[in-house]
Amino acid sequence: MHTSLENQDRSTPRKAVVVATGWLGDAIACSAAASSLSELGYQTTLLIRWPQLKPIFDCDPRFKTQVYGKYLTYKITRPLFPSRFDVIVREPKGWSYSLPFTSEIRKLAGCEPTSEYQLYLPSTTTALTAPISKRPQIALARDIYKRAYGRDISQLVQKLSELADIQWVGLDSSMNSKHGKTNNMLNDAACIKNADLFIGPEGGLLWIAAGLGTKCVYFTEHILEVERVQGKTGLMKILGSENHFPQKGHHALKPYCTNEEVIATIKQRLAV
C-alpha cells in the first residue's frame, strides 16, 4: 500500500517506510523498494522481521533497517505511521505472482518496477573469508537436503567435490529461518560473495547470492511446489534469479533433472 501525506511541511526531509512481513527472500525484495525510494530522495526505513538479515542490510547506505516484533503491523503501524512517514509501503499479504517480487513491491511504492537489486558487504568481511585454494569455489546451500525432491544429494556432493572446493552455507537442513534468528549471516554471505558459483534451491540464500553478484545455478522443484500451493502456473518466469537478473548469467536447472545434467551444467559454468 502506498500512502502519502499531502499537508506535510516540505521544508523537512520526506520520509518513507517499507514494512517487510515475510521470509528472507520477501525481506530482500522489500529492500529493493527501500533502495528505490531512497534514490527518489526519501529518508527511508526498512522494517524487517528477521534479525539475521540486519547486518547485511546495515551495509547498505541507502536506507536504515530496523527489526520489529511480530505485533508491529497490527498494533502500532496504523496510529503512528501516518504521523511519521510521507510514504508507507507494506509487503502485500499475498504476492500476485504476475511480476518478480522486486518489481511488484517497487510498483506498489510508486517506483520504476525494475527487477534487479543489490546487496552490500563490508570489505573487511569478504577479505577474511577469501579462499586460499586456487581450485574453483562453490558455495553450496545446506537446504538442498531439505529440498532434495528425491535427488541423491550425497552422490551430487561427491561429484561436485571432484570439480571444486565446497563451502557449505546456510542453516542445517533440519532448521528454518525461525531457528536462525540469532545467527549472523555475514560470514555465509561473504563465503557466497567470494565463491565462483552458488548452488542451491530457489529460496533465501539464492536471493542473497544473486544480490551479491555471484553466479547462481539453482534447483527449481520448489517453484513447482509453489505453483501447486498457490494454484498458479508459469512461475518459472517469475521466481528465481534468472528473472531478477536476466542478463547476469544465472541458470535455472530443469525440474527433476538428473545429477549428470547438473554436473554438466556446473562444468560449463566453471569452465572445467
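Predicted model: local features only at pLDDT ≥ 70, side-chain atom pairs only at ≥ 80, totals over all residues.
The crossing of helix 8 and helix 9 is right-handed.

On the side of helix 8, the contact is made by Ala189, Ile192 and Lys193; on the side of helix 9, Leu205, Ile208, Ala209 and Leu212 take part. Sorted by class, the residues of this contact between helix 8 and helix 9 comprise six nonpolar, no polar and one charged.

Helix 9 is also described by its burial. Nine of its nine residues are buried, so helix 9 is largely enclosed by the rest of the structure. The buried residues include Leu205, Ile208, Ala209 and Leu212, which are the residues of helix 9 that contact helix 8. Gly204, Leu206, Trp207, Ala210 and Gly211 of helix 9 are buried as well. Just after helix 9, Gly213 takes a positive phi of about 90°.

Thr44 lies in strand 2 (residues 43–48), while Tyr42 belongs to the loop between helix 1 (24–39) and strand 2. Buried means under 20% relative accessible area. Thr44, at 5% relative accessibility, therefore counts as buried, and Tyr42, with a relative accessible area of 15%, is buried too.

The side chain of Thr44 reaches two backbone atoms. One is the backbone oxygen of Tyr42, at 3.2 Å, and the other is the backbone nitrogen of Ser38, at 3.4 Å. When neighbours within four places in sequence are left aside, Thr44 is in contact with Ala16, Val18, Ala34, Leu37, Ser38, Phe63 and Lys64.

For Tyr42, with neighbours within four places in sequence again left aside, the contacts are Arg14, Lys15, Ala16, Leu37, Asp86 and Val87. With Arg14 there is a polar contact between side chains, at 3.4 Å. Tyr42 and Val17 are 25 residues apart along the chain, and their C-alpha atoms are separated by 9.2 Å.

Key:
Residues numbered from 1 in each chain as written. Heavy atoms only, no water. Left-handed = near helix turned anticlockwise from the far one by under 90°. Helix = DSSP H or I, 4+ residues; strand = E, 2+ residues; numbered from the N terminus. Contact = heavy atoms within 4.5 Å. Nonpolar A, V, L, I, M, F, W, Y, C, P; charged D, E, K, R; others polar. Buried < 20%, exposed > 50% of the residue type's maximum accessible area, 1.4 Å probe, protein only. Polar contact = N/O pair within 3.5 Å; in protein donor to acceptor, adjacent residues only side chain to side chain.
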